[in-house]
Amino acid sequence: MQIYSEVGKIAITSLVSIVVLFGLCKLVGQRQIGQMSLFDYVTSITIGSIAAELATDLEAWWQPLTATVVYGIAALCIDWFTCKSIALRRFFNGRPVVLYQNGRLYPKNLLRARLDLNEFLSQCRVAGYFDLNQLESAVLETNGQISFLPSSQFRPVTPSDLQLSPQPEGLWVYSVSNREPIT
C-alpha cells in the first residue's frame, strides 16, 4: 500500500512541476534555443533540473518548488533589467562581434568568437556566399547567428531600386470551418 502512496505523490508533484514550468515559460516568453542568450540557456537548464527534483522529492517538495519559483522570478527580473539597461544587456548577453568587413577578415575576432576560418567559410556558404568579395560585412550576433550584409552589387533588387511602388499586402489568415455535421 505504501508504494501506491509514493507513486501517487510522485504523480502529483510531477504535475505540479509541469504546471510551474509551463507558467514560468509563459512568463519568460517564447524563444527558440537559437535565440536564447547564454544566461537564458543556463537558467533554463537549472530550472529544469530543480523541477525534476521537485517531481521526485517526496519529503520536502516545497524546497525545490520554492527554488524553481525563485529562479524563474530572478530570470524575469534580469530579462526586464536587460531590456532597460544597455550595460546590463552587454554584461549578460554580450556584444555583436564583427568578423569580416570591407574585404578584411578579423582573425582576433574569429578567435574571440571561437570560430576557425573553415567554420566561418562554411557559414558563409550556407548563407549563399561562396565568394567573400560578395560580402560587405559579417557579424556574429549575441544569439550565436552570423548576419551577412552583401555588397551593394550583390544585394537583391528591391522595388525601390526600380522606382516601383507596389500595393502593400496584408497578412493572410486561414481558418477552417466545418459547418456540416459529421456523420
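Colleague: What share of the contacts with a separation of 6 or more comes from residues 24 or more positions apart?

Modeller: They account for 49% in the protein chain. Contact means heavy atoms within 4.5 Å. One caveat: this is a predicted model, where local features need pLDDT of at least 70, side-chain atom pairs count only at pLDDT 80 or more, and totals for chains, interfaces and linings use all residues. Residues are numbered from 1 along each chain as its sequence is written, and side-chain values use heavy atoms, with hydrogens and water left out.

Colleague: How many helices and strands?

Modeller: Six helices and four strands. The order from the N terminus is α-α-α-α-β-β-α-α-β-β. Both are DSSP runs numbered from the N terminus: helices are H or I with at least four residues, strands are E with at least two.

Colleague: What percentage of the chain is buried?

Modeller: Buried residues are 22% of the 183. Buried means under 20% relative accessible area, exposed over 50%, partly exposed in between, with a 1.4 Å probe and protein chains only.

Colleague: Switching to Thr 82. Why does it count as buried?

Modeller: Because its relative accessibility is 8%. Thr 82 sits in helix α3, residues 62–84. Its side chain reaches the backbone oxygen of Asp 79 at 2.9 Å.

Colleague: Which residues does Thr 82 contact, leaving aside neighbours within four places in sequence?

Modeller: Leu 88, Arg 89 and Phe 92.

Colleague: And Ser 151, buried or exposed?

Modeller: Buried, at 7% relative accessibility. Ser 151 is in the segment after β4, which spans 146–150. Beyond neighbours within four places in sequence, Ser 151 contacts Asn 133, Gln 134, Leu 135 and Glu 136.

Colleague: Now backbone angles. What is phi for Asn 102?

Modeller: About 50°, positive although Asn 102 is not a glycine. Most residues other than glycine have a negative phi. Asn 102 lies in the loop between β1 (97–101) and β2 (104–105). Asn 102 is exposed at 55% relative accessibility.

Colleague: What about phi of Arg 114?

Modeller: Positive too, near 60°. Arg 114 is in the loop between α5 (107–112) and α6 (117–126). Its relative accessibility is 74%, so Arg 114 counts as exposed.

Colleague: Last one. Where is Tyr 4, and is it buried or exposed?

Modeller: Tyr 4 is in helix α1, residues 2–28. At 63% relative accessibility, Tyr 4 counts as exposed.

Methods. Polar contact = N/O pair within 3.5 Å; in protein donor to acceptor, adjacent residues only side chain to side chain.
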